[in-house]
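I opened this model to look up its strands and one annotated site. My notes follow in the order I checked things.

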Amino acid sequence: MDMLLIHNANEVLTLQSDTKGPRTREAMSHLGVIENASVLVEGDRIVAVGPLAELEERYSEKVKKAKRIDATGKVVMPGLVDCHTHLVHGGTREHELNMRLAGKTYMEIMNAGGGIHYTTTKTREASFEELYEKTSRHLDQFLQYGVTTVEAKSGYGLDWETEKKQLEVAKKLQETHPVDVVSTFMGAHAVPKEYKGNEEAFVDMVIDEMLPKVAELKLAEFNDVFCEKGVFTPEQSRRILEAGKRYGLIPKIHADEIEPYEGAELAAEVEAISAEHLLVASDEGIEKMAAAGTIAVLLPGTAFFLRAPFARGRLMVDRGVPVAISTDFNPGSSPTISLPFIQNLACMNMGMTMEEVLCATTINAAHAINRGDEIGTIEAGKKADLLILNVPNYKQLQYFYGMNHIDTVVKAGEVVVEGGALCSSATTVSNR
């Protein structure tokens, strides 16, 4: 197997901890920083991390054979994990921005035929090939910002054929693109216009027709629903999530984004792996999530773009909720692929520390998509998804905000970004 040695980094952020599972409270601040350290990789796996002299002594033959990358003056950390995106979609919605700037709300735009309904129309019209090419370009951009694993939700079809098309595009990209793509079925993203006034029939269709097919074709690992006034009620959401569990799909929930709607409480009750958004989650819901171990996936880019109140990230961390943060990349409420900028927003607007946002976009984000045993830290046996950053210490990542500090991205042991630019190896997949 090919060997790779990243040597003499100013800092290596291992994110290692004695804590098993997602990190909470003080554990979110433990970055496992090793100064003047190196990382040895064999194939697609991490062999060891530590001082160069120690690696040369313990693994002398492997080190001799290794291709070397000099990380002097730089920071090395795990690849970023974007655990909430609406990656596969047709069209764009820049025409809605002036409406929003003029004071129109998210729900007003959607109820007028924009929002999710507009993107649904464009996604239904797009061919598989068009969606594949567009999404592949976005994954290239994610990679250049240090994101090595992405969750991708469906939900812009709202009919079986288009939902299936979205999930098949994500599945094909998981096979062909260096970025790992983890799929979530979200047929219950909105009630399609053709079911207006007959919402229960659509809920029944999701449960009786879509969910069995998703499971049979193995197109997704998770099942998500938009629990919100004017979309799906808590009871409808419960039915959809419980039905998904019967088919082996792990529940997630869009909760308490626009109005308090007991979504956080529902997430805890159905044992969802995560509740997402939570801009207006109640104190009781936060306490229940902490008790249940439900991960809060917070999306500060959405609050920023919608000019809405930010989720209470500081409170959630202090109350013992495991917190992850994500871009929520989508064409309407968060059209960004810059997870580093989302880290900046979480620090500046949600009261999270520099250390907590790094935890929230690596190991906690990995646990939010059931990948915590495979990625999110730098330790022996884990997948070699690694970043080399053009900063001498990790604190500069938030200090110099709104910037892309990526120098090199290693995905599954392969260098796919070098000097900030995509390599030819980024167009192929190895060690999948």
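I started with helix packing. α8 lies across β8 and β9 and runs at about 150° to β8. I note that the model is predicted.

Next I checked how these two strands pair. β8 and β9 (residues 222-227) are joined in the parallel sense by 3 bridges. In that pairing I find Ala-188 opposite Val-225 of β9.

Then I looked at the whole sheet. Which order do the strands take? I read β6-β7-β8-β9-β10-β11-β12-β13, an open sheet of 8 strands with parallel pairing. β6 and β13 (323-325) are at the edges; each has a single partner strand, so one side of each lacks a neighbour in the sheet. I get an average twist of 25° from one strand to the next.

I turned to β5 (residues 75-78). It runs parallel to β1 (residues 3-13), with 2 bridges between them. Val-12 faces Val-76 in β5. β5 also pairs with β14 (residues 386-389), here antiparallel and over 4 bridges. Pro-78 is opposite Leu-386 in β14.

Now the annotated site. I looked up UniProt: the unreviewed entry places a "binding site" feature at Arg-93, Tyr-156, His-189, Glu-257 and Ser-333. Where do these residues sit? I find Arg-93, Tyr-156, His-189, Glu-257 and Ser-333 in the lining of the second largest cavity.

I took two of the site residues in turn. Arg-93 is in the loop between β6 (80-82) and α3 (97-101). Is Arg-93 buried or exposed? Its relative accessible area is 6%, so I log Arg-93 as buried. Beyond four places in sequence, Arg-93 touches Gly-115, Ile-116, Tyr-118, Thr-119, Pro-331, Gly-332 and Ser-333. Ser-333 is also one of the annotated positions.

His-189 is in the loop between β8 (180-188) and α8 (199-217). Its relative accessibility is 3%, so I log His-189 as buried too. Which residues does His-189 contact, leaving aside neighbours within four places in sequence? I list His-86, Ile-116, Gly-155, Tyr-156, Leu-158, Phe-226, Val-231 and Phe-232. Ile-116 is on the contact lists of both Arg-93 and His-189. Tyr-156, a contact of His-189, is another annotated position.

Last, I checked Ala-53. Ala-53 is in helix α1 (residues 52-58). At 55% relative accessibility, I count Ala-53 as exposed.

Terms used
Residues are numbered from 1 along each chain as its sequence is written. This is a predicted model: local features need pLDDT of at least 70, side-chain atom pairs count only at pLDDT 80 or more; totals for chains, interfaces and linings use all residues. Side-chain values use heavy atoms; hydrogens and water are left out. UniProt positions are given in the numbering used here, feature names are shortened, and annotations may be inferred rather than shown by experiment. On a 1 Å grid over the protein atoms alone, a cavity is a set of points where a 1.4 Å probe fits but cannot get out, and a pocket is an open set with protein on both sides within 12 Å along at least five of seven lines; lining residues have an atom within 4 Å of a point. Buried means under 20% relative accessible area, exposed over 50%, partly exposed in between (1.4 Å probe, protein chains only). Contact means heavy atoms within 4.5 Å. Two strands pair if DSSP finds at least two bridges between them. Axes are lines fitted to C-alpha atoms, for helices over the stretch in contact, and angles run from 0 to 180 degrees between N-to-C directions.
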